[in-house]
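The points are grouped by topic for reference alongside the coordinates.

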Amino acid sequence: MFKVGIVGCGGVGSMHASCYEALEGVKLAAVASTDEQQLKEIGEKYKIKTYFSAKELIFDPELDIIDICLPTFLHTEYAIMAMEAGKNVFIEKPVCLTPEEADKLLDAQKRTGAKVQVGHAVRFWDEYVWLKNAVENKTYGNLISVNFTRLSPLPAWSWNDWFNDHTKSGSMALDMHIHDTDFIRYMMNAEPDSFKTFVTRTKAGVIDYISTSYNFGDVLISAEACWAMPGNFPFKCAFTARFEDATAVFDTDTLTVYKFDGSTEHPEMKNNLGSSADTGINVSNLGPYYNELKYFIDKLSANEPIEVASLEEAAASLKLVLNEIQSVGGVKI
Ligand SMILES: NC(=O)c1ccc[n+]([C@@H]2O[C@H](COP(=O)([O-])OP(=O)(O)OC[C@H]3O[C@@H](n4cnc5c(N)ncnc54)[C@H](O)[C@@H]3O)[C@@H](O)[C@H]2O)c1
């Protein structure tokens, strides 16, 4: 039985705690947060150890796994500390903010032999897994094009409003758009031959909408993301995938396949934890978070390498998004 400690128990840390409770082979044993009220609530809810200091939790000898759910600008420091303390590490996405930080993380992984997975949950999201399978198996013939969409109001729940500070979050372009960019690389099992990016910016010059078109040979894939929607706008993640024989449309929770033979399919999805409307953050479904943590624990139990959402993959997706941002003049101009 692995014992896990979560560092940072805001929006995502709390969700991970629910997932660990539902998983076999792992026990949530401790949490750390700088928010005393949050710490008290989560400590009482799960009857576990609480730490005000991330460092103290990381060096707790009882823990085998450290799950880094801190604001992005703190990932590198504490993830390296955890690897050097001999722990296996789960790091939320985006894995870090710069290519230099990514290289330091990769170096620490190599030096310490730690097993590391990054929270690219879309790789474990049932409808997106279905899409990757349809592409690879040519279920509806060859893929022609896909359009991915991800729209949300600005995250309103964050500690010290860190999402709103592009030096801490990398802006929406890094924080949110990376979900689709990473999935596109995974689905195509390749880097794009070329890309073209367009953005809009706030009055302060920070990117608040991004649209990138990627070319993979003859296949055209585009992804748009925005977190400047009105506060009452419901979180939306969607795709429209055109194949030779059908078009598949996913819209937040419904997947439909319209075939050129005139028939319509509604592929069945398994649902491990069900939808959760009250996570408090902009996610509509706990299933992918359960699936990714299950994969991590299963790989650790079997002493097998992390292949899906590895640190190497997360670093490559980070570098592609940073290149897109660079191509339009940077996060802020
Ligand atoms: N995978 C996803 O779908 C998804 C969704 C949202 C956020 N995220 C990512 O997850 C990470 C966390 O985001 P969040 O929404 O949970 O943020 P949040 O602001 O809700 O939570 C951050 C937590 O970190 C704590 N914290 C800050 N500094 C600390 C320190 N030095 N020591 C200990 N605790 C500290 C805060 O008290 C808070 O509990 C970010 O990297 C974010 O991009 C991923």
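The largest nonpolar core has 96 residues. The model is a predicted one. Within this core, the residues with the most contacts are V7, I68, A79, V89, V95 and L318. Helix α11 (residues 311-327) gives the most to the core, contributing eight residues. Because domain 1 (2-120) and domain 2 (122-285 + 306-327) both give residues to the core, it lies between them.

**Contacts of a core residue**

- A79 is among the residues with the most contacts inside the largest nonpolar core.
- Neighbours within four places in sequence aside, A79 is in contact with I68, V89, I91 and L105.

**The six-stranded sheet**

- Six strands form an open sheet in the order β3-β2-β1-β4-β5-β6, and their pairing is parallel.
- Strand β4 (residues 65-68) pairs with strand β5 (residues 88-91) in the parallel sense, over four bridges.
- Across this pair, I65 stands opposite N88 in β5.

**Domains and their interface**

- The domain assignment of the protein gives two entries, domain 1 (2-120) and domain 2 (122-285 + 306-327).
- The C-alpha centres of domain 1 and domain 2 are 25 Å apart.
- Contact between the domains involves 24 residues of domain 1 and 27 residues of domain 2.
- On the side of domain 1 that touches domain 2, α1 (11-22), α5 (99-112) and β6 each supply at least two residues.
- Helix α5 provides the largest share of that side, with five residues.
- Classified by type, the side of domain 1 that touches domain 2 comprises 15 nonpolar, six polar and three charged residues.

**Residue K270**

- K270 is located in the loop between β14 (264-265) and α10 (287-301).
- K270 counts as exposed because 7 other C-beta atoms lie within 10 Å, and the cut-off for an exposed residue is 12 or fewer.
- In sequence, K270 and E127 are 143 residues apart, whereas in space their C-alpha atoms are 9.7 Å apart.

Conventions. Residues numbered from 1 in each chain as written. Predicted model: local features only at pLDDT ≥ 70, side-chain atom pairs only at ≥ 80, totals over all residues. Buried ≥ 20, exposed ≤ 12 C-beta atoms within 10 Å, placed from the backbone. Core = buried A, V, L, I, M, F, W, Y, C linked by C-beta atoms within 7 Å. Domains from an automatic or database assignment. Contact = placed C-beta atoms within 7 Å. Pairing = 2+ DSSP bridges. Nonpolar A, V, L, I, M, F, W, Y, C, P; charged D, E, K, R; others polar.
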